[in-house]
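My notes follow in the order in which I looked things up.

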Amino acid sequence: MVVSSDLIIQVMIWGLYAGCIYILLATGLNLIFGVMKIVNFAHGELLMLGAYITFTFYAVSGFNPYVLLAASLPVLILVGVIIERTCFRPILGTGKLNEIFISIGLIYIIQNAAAIIWSDEWRTIHSPFEHITLKMFGVNLPLDYLIIVITTISILIVLFLFMQRTRLGKAMRATSQNRKGAMLMGINVERMDMLAFGIGAGLAGAAGTLWVVSGQVFNPYMGSIPAVKAFAIVIIGGLGSIPGAIIGGLIYGIAENFAILTLGGAWKDAISFIILILVLIVRPTGIFGESAE
Amino acid sequence: MKRTLGLIFIVFISLVLIAGCTDEQPSGEELKIGVVASMTGSASTTGKDIWQSAELAADEINANGGVYVAELGKKIPIRLVQGDDESTREGGQKAVSRMITQDNVDILVGGFSSAVVSAHQQIVAEHKVPYIITGASTPIITRRTDVDTTYMFHHAPTCDDSGSQITLFLDDTVRPAINEKFNFPAERPLRLAILYQDSPYGKGHQDAIKNTIANNSLSIQIVAEEAFKMGESDYRTVLTSIKNKNPDVIYVTAFLNEQIPVETQALRDIGLNKVFTAVEPNDDPDFYKGVGTYGDYSIVQSRFSPYTVPKGPTEAAYNKFVTDFDNKYGGFPGMMGVATYEGVYIAAKAVEDAGTLNKTAVRDALATIRMQQMVENMQNQTISFSPDYRESKFELTMEQLYWDESVKETRPKIVWPESLKETSFVLPEWYEPGQD
């Protein structure tokens with residue numbers, strides 16, 4: 001096969017798009033883990049809920065689905081807060097096994113609830129910009145993907161500013177670094193848990209919205225595969241590290257697409273896990289991970 | 001205390017007595033058909049179609065007095081027993097075991113997904129229960145040698161049948177149209193790309209295409225063969241790779257949730273202005289809704305379309321079944337539904353032919369059954385099972401989709417075979433042929 005520079009740039013662009021969805025999902029997962037030290041296996045279901053909330057708002061209002069991100073994001077944050085308050089807070093600190101089973105149970109509960117509410121048929125949304133394709137660097141770039149990349153970068157900048165510049169963000173970081181120390185400094189760590197889970201769910205919801213506007217189909221069971229990949233990205237980037245999630249997401253998205261191009265579609269998932277194994281051998285704590293925990 | 005204990009004792013005895021009272025008729029007084037359907041889990045939409053269609057068929061037969069059994073000298077009613085496979089292999093094994101050993105069903109009908117059916121075939125084989133499989137498409141279902149499949153009958157188009165008919169259509173209709181429109185030599189081979197699900201289903205189609213080309217010496221050159229993982233949603237890179245190989249046509253073996261993003265991403269993101277073909281499970285209202293304008297001029301194989309009825313002997317039966325189903329349950333029954341509807345009738349006919357509920361006799365009756373086609377078009381207009389692998393043979397059609405502004409979706413018209421076609425296949429204005 002002739003691999004031209006145009007082809008490489010084109011595949012890089014597809015990898016970048018895939019990376020955006022992974023980054024949002026993995027960042028949310030990492031935020032929750034960083035603050036609460038729990039692994040939320042039902043994180044993919046929050047992505048699915050984000051897709052359905054956007055779909056519902058779109059069906060009701062007919063608005064531009066990108067605009068509806070502003071509406072679906074708060075709903076997902078609220079869902080995250082409710083899950084944290086009702087499911088995780090009561091069992092926090094009672095043992096990892098309880099946390100694992102709660103989150104696995106949530107997968108089934110959320111999937112079945114979604115199937116009852118929206119049915120389990122495959123759904124789609126058509127973006128108003130779906131017919132617009134730009135020519136950049138000699139390759140096709142659908143406008144939707146440009147918007148998705150810009151939206152992801154914007155969300156990450158807002159998150160960065162929130163974490164670095166606001167009192168709440170600093171309190172969350174303090175809780176993440178040393179929970180007891182944060183408590184001694186008067187930080188309400190339970191409030192930080194709630195906030196972290198809410199923001200994490202919101203990021204997953206944003207990933208869900210961007211997933212549907214890019215022309216992907218979805219049903220109540222679609223969250224599992226992206227969630228597994230988000231977990232792998234979190235491990236590659238380093239548990240609890242947001243920059244790690246961003247770099248890991250990009251590596252994953254681009255590597256997967258180059259594997260498809262060179263080795264074939266069947267290698268897509270395998271290459272991701274080969275990278276995971278290599279990273280763990282060379283640096284067991286992940287790229288940006290610290291040697292704690 | 002004594003009074004409380006006495007009360008508990010009375011309640012317990014009452015419960016035991018109530019548990020013993022069922023409306024079950026003594027054995028032989030009814031034909032018990034076990035319906036293997038995915039009532040829960042990821043395939044539950046199809047599972048409900050299967051169950052409801054079976055119910056419709058049983059109700060119709062019962063309304064006409066039931067099934068005549070010569071040995072009993074009377075007609076007996078059909079009672080359906082639901083076996084929810086939970087859309088999983090393990091669920092299927094549990095459901096089939098229960099239906100055979102506890103419900104004592106006389107015959108099984110249904111079974112969706114080759115993987116799920118394969119997993120419970122051993123149980124069916126051990127108990128020698130006749131099984132009319134209506135929802136799996138891998139030919140291996142009745143061709144495998146590690147399990148005794150002699151009691152199993154396949155009433156669904158196999159990958160071989162489906163792949164062969166699409167390939168023949170491409171050779172005798174699409175290839176000449178491309179060569180004529182672009183002034184290519186008539187003998188120029190069609191440049192075909194195959195994009196297939198990395199599963200027995202996808203590989204079955206891949207093999208069928210190659211075998212059909214070889215066996216019929218077709219002028220088709222396979223220029224690309226790309227696989228994707230089941231359930232994949234991002235096809236941009238694999239389609240970019242296919243574009244690089246310059247095909248005329250892209251033959252996609254995918255389910256609805258895969259076919260929609262394939263066509264959308266190919267035309268929108270990659271600029272792959274080619275003819276796409278979709279295999280028969282995609283002829284579903286959700287496909288038309290999901291693919292939108294990107295389905296325009298694409299090809300969908302069909303055996304039971306939601307939007308077009310093949311003119312001819314099955315037209316009236318099609319309309320009746322679709323209307324009755326819609327009136328009773330609302331919506332469209334789907335192809336797995338119609339096959340199961342026919343499956344219940346096939347089961348009833350086999351019992352009548354056998355004149356007994358004896359499973360071996362019913363199995364023998366199935367092996368030699370000859371029934372007039374019902375809702376779906378069958379080869380020779382007859383439902384019968386091939387003597388080698390006990391497969392019924394369907395007359396599949398190829399449809400081309402055209403944008404319909406009034407419904408804001410595409411709608412199909414049959415373009416193949418000649419005997420059933422409504423219009424001729426056309427290449428769209430934007431079509432670009434592959435370059436040698």
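I began with helix 6 of chain A and looked up what covers its buried residues: helix 1 (5-36), helix 5 (143-165), helix 7 (179-184) and helix 8 (189-213) of chain A are included. Helices here are DSSP runs of H or I with at least four residues, strands are runs of E with at least two, and both are numbered from the N terminus. The buried residues of helix 6 (residues 167-177) of chain A are A:Ala171, A:Met172, A:Thr175 and A:Ser176. They lie on the same side of helix 6 of chain A, because they cover an arc of only 140 degrees around the axis. I noted that the arc is that of the directions from the helix axis to the C-beta atoms. Buried is taken as 20 or more other C-beta atoms within 10 Å of the residue's own, exposed as 12 or fewer, and partly exposed as in between, with C-beta atoms placed from the backbone.

I wrote down the ground rules next. The model is predicted; local features need pLDDT of at least 70, side-chain atom pairs count only at pLDDT 80 or more, and totals for chains, interfaces and linings use all residues. Residues are numbered from 1 along each chain as its sequence is written, and chains are lettered from A and ligands numbered from 1 in the order in which they are written.

For chain A as a whole I listed 11 helices and two strands. Its radius of gyration is 19 Å, close to the 19 Å that the globule rule gives for 293 residues, so chain A is as compact as a globular protein of that length. The radius is taken over C-alpha atoms, and the rule is 2.2 Å times the number of residues to the power 0.38. Buried residues make up 51% of chain A.

Chain B has 13 helices and 16 strands. I looked up its radius of gyration too: 24 Å is close to the 22 Å of the globule rule for 436 residues, so chain B is as compact as a globular protein of that length. In chain B, 53% of the residues count as buried.

I then turned to the sheet in chain B. It is open, with seven strands in the order 9-8-10-11-12-15-16 and mixed pairing. Strand 9 (220-228) and strand 16 (409-416) of chain B stand at the edges with a single partner strand each, so one side of each has no neighbour in the sheet. Pairing requires at least two bridges found by DSSP. Strand 10 (residues 249-253) and strand 11 (residues 275-278) of chain B pair in the parallel sense over four bridges. B:Val252 has B:Ala278 of strand 11 of chain B as its bridge partner.

Which strands does helix 9 (residues 256-270) of chain B touch as it packs on the sheet? I found strand 8, strand 10 and strand 11 of chain B.

Last, I checked where the chains meet. In all, 28 residues of chain A are in contact with 30 residues of chain B, a contact being C-beta atoms, placed from the backbone, within 7 Å. Helix 1 of chain A gives the largest share of the side of chain A that touches chain B, five residues.

Terms used
Contact = placed C-beta atoms within 7 Å. Axes fitted to C-alpha atoms, helices over the stretch in contact; angles between N-to-C directions.
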